[in-house]
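This report describes one protein chain for a reader who has not seen it before. The sequence and the model come first, and the description follows.

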Amino acid sequence: MIRADQTADISDVEYNKTEHEKYKKVYDKYANKLFSICKENCEKITGKRDYDKNPIAYNQLLNEKIEALNNIIAGIIDEKDYSSISYNETKFDNFGDLSYGHDGLLTIFHLLFKKYPTLGKIISDKYDYIFIDEYQDSRAEILNDILQLSSMYNLTIGLFGDSMQSIYDDGIGSIDTCTEAETLEVIPKSDNYRCSYEVINLINPLRLDSITQDVAFKKLKSGSYETKGIVTV
């Protein structure tokens, strides 16, 4: 049984644990960037026991290190010819030749979109419709940018995907907040073109929405449809 005076202590413990996890995540990202850019190794990350003694000081020190690394990166960029900046068609950014991968390109889009509103007008003038496939794995800030375009310029936005099939940690996953606010209209599709009967029967009870999927049949040249081992006319 937990006494009333123990509740605060337990909350503090959980809070400190969460804060140290955040610190570790940022520290790991900094360490990877430092090695990638400067070929330098970081000191061993501060343990939770020491971090809890003065988290403000440790956070401030890490922020100073991050700012110093950002200044180094800015210096590298300044030395490059801006006209040589390119998209490298990979997943990774490369500071060596100043090229950007898929994720980096999306970050650039987001930053430019926020800084230069005219870009949104240019996009809306060129396109009447924007479709995003596998929306559940799109980054939240990118989808928010696209939805903002829709509300500002009356663009039609179509999101195709399945929130139950999200596979990336940084993807938006669910768009329930948008559908509940009626920013988007849900058009349920029960057809499943990829899975067998056995797989669909397994995953349907695991879904957290109201959709029950069915096997979708391929339409043949004759106009008939495939079924489970039978062709019907």
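## The chain as a whole

Of the 233 residues in the chain, 21% are buried, where buried means under 20% relative accessible area, exposed means over 50%, and partly exposed lies in between (1.4 Å probe, protein chains only). This is a predicted model, in which local features need pLDDT of at least 70 and side-chain atom pairs count only at pLDDT 80 or more, while totals for chains, interfaces and linings use all residues. Residues are numbered from 1 along each chain as its sequence is written, and side-chain values use heavy atoms, with hydrogens and water left out.

The chain has eight helices and eight strands; these are DSSP runs, with helices being H or I of at least four residues and strands E of at least two, numbered from the N terminus. Its accessible surface is about 17,500 Å², and carbon and sulfur atoms account for 54% of that (Shrake-Rupley method with a 1.4 Å probe; for residues, only the protein chains shown count as cover). Among contacts between residues at least 6 apart in sequence, 49% join residues at least 24 apart, a contact being heavy atoms within 4.5 Å.

## Aromatic pairs

Seven aromatic pairs occur in the structure. Rings of Phe, Tyr and Trp (its six-membered ring) pair if their centres lie within 6.5 Å; planes under 30 degrees apart count as stacked, over 60 as edge-to-face and the rest as tilted. The pair of Tyr23 and Tyr51 is tilted, because the planes stand at 35°, with ring centres 4.7 Å apart. This pair joins helix α1 (residues 4–38), which holds Tyr23, to helix α2 (residues 48–53), which holds Tyr51, across 28 residues. Both Tyr23 and Tyr51 are buried.

Phe131 and Phe160 make an edge-to-face pair, with 5.8 Å between centres and 75° between planes. Phe131 lies in strand β3 (residues 129–133) and Phe160 in strand β4 (residues 156–160), 29 residues apart. Phe131 is exposed at 56% relative accessible area, whereas Phe160 is partly exposed at 45%.

## A tyrosine cluster

Tyr23 and Tyr51 also belong to a cluster that ring pairs form with Tyr27, Tyr30 and Tyr58.
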